[in-house]
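Hi everyone, thanks for making time.

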Amino acid sequence: MKELQELARTLLSEGQVKVVVGWEDSPGGPRPAFITRPEDAERLVFDHRCVHNLVAYLSPGHVDVARLGKPAVVVKGCDARAAAMLMRESQLSREDVVLIGVRCGGVVRDPREADTLTADSVAPRCPGCDARQPALADHLLGELPPPPPGENRRDKEIARLEAMRPSERWAFWQAELARCVRCNACRQVCPLCYCERCVALKTEPLWIESSAHPRGVMAWHLTRAQHHAGRCSDCGECERACPVSIMLSLLNRKAAQVVEQRFGYVASDDPAAPAPIGAFRTEDTEEFIR
């Protein structure tokens with residue numbers, strides 16, 4: 001994308017930023033790139049293979065690119081929602097980052113497996129996406145592509161699970177989570193997992209067993225889903241990073257549906273919109289408390 005390359009070159013040459021975080025081509029497909037020299041801006045690319053949520057590099061729990069100086073980060077719509085949540089939770093200041101928004105037509109599930117965007121290769125989160133043009137951006141690039149191909153299979157799967165008897169649904173999740181090896185890739189790749197000390201690492205008291213024991217695995221994933229309710233940007237990075245392909249997005253999506261139903265809140269790229277976690281309303285009936 002020439003427009004992206006030219007903008008990055010200008011931002012760096014004029015000293016507006018010290019590093020531009022985007023994507024560059026590699027033998028395994030596009031990968032995160034950290035451009036610090038104007039002449040290297042030509043390495044930047046953006047297309048349907050650019051799956052990573054680069055906002056993770058702005059999260060205090062991850063690699064701190066701010067040490068290189070003020071960064072500019074390329075964001076898709078779902079990435080911008082993650083940036084907004086970091087700002088909402090006082091983990092990122094708006095004036096400390098330049099956001100380069102790119103209009104998105106969807107991304108593939110895994111660029112190592114598919115180069116073209118089809119109904120079979122599209123990431124599960126993309127069909128029906130309503131954030132293809134990020135509003136939280138200092139610069140907005142590209143023409144808006146056609147909507148992502150395919151149907152929203154996640155919501156259909158959630159509806160199928162909800163139609164089951166509780167025992168059947170419990171058996172489904174026991175089998176699904178039994179594959180977990182507790183590698184914590186889901187935590188490490190998520191821009192909103194920024195706690196200095198994760199609850200899963202605490203040993204005094206021991207809240208969650210650290211081994212891949214069924215009890216510890218279930219406790220970990222249910223705790224993480226609850227911690228992300230109303231916060232998840234639906235970038236899908238946790239599911240993509242999972243080495244055993246656990247359908248983590250089903251948990252996150254269901255939690256988002258509950259938050260929308262109960263509180264009328266949908267995660268957005270508006271940092272000023274109060275989220276259910278961190279906001280209090282006197283008219284909240286709290287009927288679920290017994």
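Let's begin with the inside: the largest cavity has a volume of about 130 Å³. By cavity I mean, on a 1 Å grid over the protein atoms alone, a set of points where a 1.4 Å probe fits but cannot get out. The volume is the space filled by probe spheres set on those points, with grid points joined across faces, edges and corners.

Before going further, some housekeeping. This is a predicted model, so local features need pLDDT of at least 70 and side-chain atom pairs count only at pLDDT 80 or more, while totals for chains, interfaces and linings use all residues. Residues are numbered from 1 along each chain as its sequence is written, and side-chain values use heavy atoms, with hydrogens and water left out.

Back to the cavities. How many of 30 Å³ or more are there? The count is 3. Around the largest one sit 16 lining residues, and those nearest its centre are Cys190, Cys232, Cys235, Gly236 and Cys238. A lining residue, by the way, has an atom within 4 Å of a point. Two elements give two or more residues to that lining, namely α7 (237-241) and α8 (248-263). Those labels come from DSSP runs, helices being H or I with at least four residues and strands being E with at least two, numbered from the N terminus. By class, the lining of the largest cavity has 8 nonpolar, 5 polar and 3 charged residues. For the classes, Ala, Val, Leu, Ile, Met, Phe, Trp, Tyr, Cys and Pro count as nonpolar, Asp, Glu, Lys and Arg as charged, and the others, Gly among them, as polar.

The second largest cavity comes in at about 100 Å³. It has 14 lining residues, with Cys180, Cys183, Cys186, His221 and Cys242 nearest the centre. Here the elements giving two or more residues are α5 (185-189) and α6 (214-227). The lining of the second largest cavity splits into 11 nonpolar, 2 polar and 1 charged.

Now, helix packing. Two packed helices are described by the angle between their axes and the distance between the axes. The axes are lines fitted to C-alpha atoms, for helices over the stretch in contact, and angles run from 0 to 180 degrees between N-to-C directions. Find α3, residues 153-162, and α4, residues 166-177: they pack at about 130°, axes 9 Å apart. That makes α3 oblique to α4. Angles under 35 degrees would be roughly parallel, over 145 roughly antiparallel, 65 to 115 roughly perpendicular, and the rest are oblique. On the α3 side you'll see Glu157, Arg160, Leu161 and Glu162, meeting Arg169, Phe172 and Trp173 of α4. Contact here means heavy atoms within 4.5 Å.

Helix α3 also packs with α8, at an angle of about 80° and with the axes 10 Å apart. So α3 is roughly perpendicular to α8. The residues involved are Arg154, Asp155, Glu157, Ile158, Leu161 and Glu162 from α3, against Ser249, Leu250, Arg253, Lys254 and Gln257 from α8. By class, that contact has 3 nonpolar, 2 polar and 6 charged residues.

Staying in α8, click on Asn252. Is Asn252 buried or exposed? At 10% relative accessibility it counts as buried; the cut-offs are under 20% relative accessible area for buried, over 50% for exposed and partly exposed in between, with a 1.4 Å probe and protein chains only. Setting aside neighbours within four places in sequence, Asn252 is in contact with Ala225, Cys232 and Cys238.

Next, Lys76, in the loop between β4 (71-75) and α2 (77-88). Lys76 is buried, with a relative accessible area of 1%. Leaving out neighbours within four places in sequence, its contacts include Trp23, Phe46, His52 and Arg125.

Ile246, in the loop between α7 and α8, is buried too, at 1% relative accessibility. Not counting residues up to four places away in sequence, Ile246 touches Glu176, Leu177, Arg179, Cys180, His221 and Glu239.

Last, some backbone details. The peptide bond from Glu204 to Pro205 is cis, with omega near 0°, and Pro205 is in the loop between α5 and α6. Ser90 isn't a glycine, yet its phi is positive, about 60°, and at 65% relative accessibility Ser90 counts as exposed. Asp234, in the loop between α6 and α7, also has a positive phi, near 60°.

Key
On a 1 Å grid over the protein atoms alone, a cavity is a set of points where a 1.4 Å probe fits but cannot get out, and a pocket is an open set with protein on both sides within 12 Å along at least five of seven lines; lining residues have an atom within 4 Å of a point.
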